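Some words used for a structure rest on a definition and a cut-off. The questions below ask how such words apply here.

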Amino acid sequence: MSNPSSSSNELFGYVAEFESASHLYHAAEKIRDAGFRRWDVHTPYPVHGMDHAMGLGKSWLSAIVLGGGITGSLTALVMQFFTQVTLYPTVVQDKPTNLFTIPAFFPVTFELTILLSAFATVIGLFSLILLPRWNHPLFNSPLFAKSTNDGFLLVIEARDPKFKREKTKELLAEIGAGKIEEVNY
Amino acid sequence: MANLSKANAAVHPSEAEGVAREPLVLNHRSLGWITDRICGIVENRQPLIWWVLFVPSVCGFLCLLFSLVYLVSTGVGVWGMNHPVAWGWDIVNFVFWIGIGHAGTLISAILFLTRQKWRTSVNRASEAMTLIAVMCAGIFPGFHVGRFWMVWFLAPIPNSNGIWQNFKSPLLWDVFAVSTYFTVSVIFWYIGLIPDLATLRDRGKGLAKKLYGFFALGWRGGNRQWRHYEMAYLILAALSTPLVLSVHSVVSFDFATSVVPGWHTTIFPPYFVAGAIFGGFAMVLTLMLPVRKLYGLEDLITAKHIDNMAKIILLTGTIVGYAYIMELFISYYSANAFETDAFHMRILSGPYTWAYYAMFFCNVIAPQVFWFKWSRHNLWMVFIVVNFVNFGMWFERFVIIPTSLARDFLPGQWGYYSASWVEKLLFGGSFGMFMMLFLLFIRFLPVIAISEVKGVLPDSDPHYPDWKRLKEKRRVAAK
């Protein structure tokens, strides 16, 4: 991606390529143990066990979804009771128009629970992974485009407190990186 | 113990002797090959046959538009329905299309939760099929209400008449179920597409790069994104699983909660769900067998995949057969004269017995051939049988809906229903729309979930021991 800002000299970080998922996995363990914080691995598919290798915990997206689900159930119940019992009681099929109408309200309650949980999943996911974001320094790297095809890449940002221009590069080479590319902002 | 762990280290569990499974991707294909092959379908010119299918599909779609304009401008009287059969082809087609959608969700959600890795080769196309089928389904009840422009009355919106919807009615449940199903399916499908759109973005040039890039939302495939992404995918699968079961259950409530003999049965929800999955898998195979052949995807959608789907068709077809027979038994065992009569007329003396036997043969007898392995591996055989199923599942809905209405309680109310040309054109047109949208999907989006297929290769496991040997095998295979 040709971007005029790529000509600036401020370093964003290093992109290092590894040979396979297995190599990247072990490299990630070493970077984790070296105490880096602002780094990531970029792979064409989610690599099983990588969260552990990177020292990341469980995703808490599920908590956001639970919130969405509860909102959905309550919305549906309030909507149905308010319109069916208070506002406009329709007497059909000899069904009651009071608290005991609840069995008839289950299907819509269920559907709205699912619907709002799904909305919460999407909104929660995008807020956690900070997307959409169409512009990112990594898109300046020609090597980076391989990560959506068959590249196994490790990226260390220059903002990391442990980052040292030369030493980090040496470390990457030491843990088995093939190509190492500097990426500028 | 030491020996044992050494033996384990040398051979990956998936390849160990005695437990080795057929690989999901044949011929030792590499990650790059998978990307090239699947993206190639989108990036290269379409084969002639694509156009040969696309042009008639568009014509079919125009027929659909014409029949709808004719219907709205003239009135619902142009359909063949009248007293006593007020639900005809329109509702038959609605249930038919919505049922087809269910296989897509089964593959994408239920098989995901049950860790069936073979689903990755077929889930994208099946989910697309789901969305398109639900769109086709939505047309029918939408226009069945008579005044299409009043459809917004189905939504609980305050209006000047002070009237509110009847939330105790299964028809309103259906509105919520189907619209939720469509929305959640779109979300699930799109979330699954994001990494693949990023692949197309990184390969593309010019406008294609911009457009795919826009919809890829700037996906970078970092593990800090993947871990939330995987959780989102799992949650959506967990939400879709009960959802898909609920949708066809609610569709069956439209019938089961009424008092019409032939409809008023408790077996309907599971029976409808099994039938939906059965019919949907038949449609998946109908679409995927030609796609696989045309675009050279035999290494990704293998004989094993087709074998598995044929087995699911056999299982669900047999469940459906059980439900048919159980319906007959319950009508006899209930000792209810109307029930017994309804089924007597359905299978022996009524005007529609031919439809019952067409249904029974196509849905119960024809799939039994899948007990034999040779039939599951003979693609022509599979194609013929699944088309029997497509046909039979339409007949199932026809047998349930109009034939029950044509013979209800009083002989004075009996009638005979056959569809008018407008209904036939509309149904044919909905197939045109279905094919048109599916062909456009093949043209513009990856038919196979690229990132998911890559994740089921043997070396996708970071603990795969012998990746060097695998690399060598790949080099040989590439030659």
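Q: What makes the 37 Å reach of α4(A) close to the expected one?
A: α4(A) has 27 residues, and the expected span of a helix is 1.5 Å times one less than its number of residues. Helices here are DSSP runs (H or I, at least four residues), strands are runs of E of at least two, and both are numbered from the N terminus.

This is a predicted model: local features need pLDDT of at least 70, side-chain atom pairs count only at pLDDT 80 or more, and totals for chains, interfaces and linings use all residues. Residues are numbered from 1 along each chain as its sequence is written, while chains are lettered from A and ligands numbered from 1 in the order in which they are written.

Q: Where does α4(A) bend?
A: At A:V108, by about 30°. The bend is the angle between axes fitted to the seven residues ending at a residue and the seven starting there.

Q: Why is chain A called more spread out than a compact globule?
A: The radius of gyration, taken over C-alpha atoms, is set against a globule rule of 2.2 Å times the number of residues to the power 0.38. For 185 residues the rule gives 16 Å, and chain A has 25 Å, well over it, so chain A is more spread out. Its C-alpha trace spans about 80 × 35 × 30 Å along the principal axes.

Q: How many helices and strands does chain A have?
A: Five helices and four strands, in the order β-α-β-α-α-α-β-α-β along the sequence.
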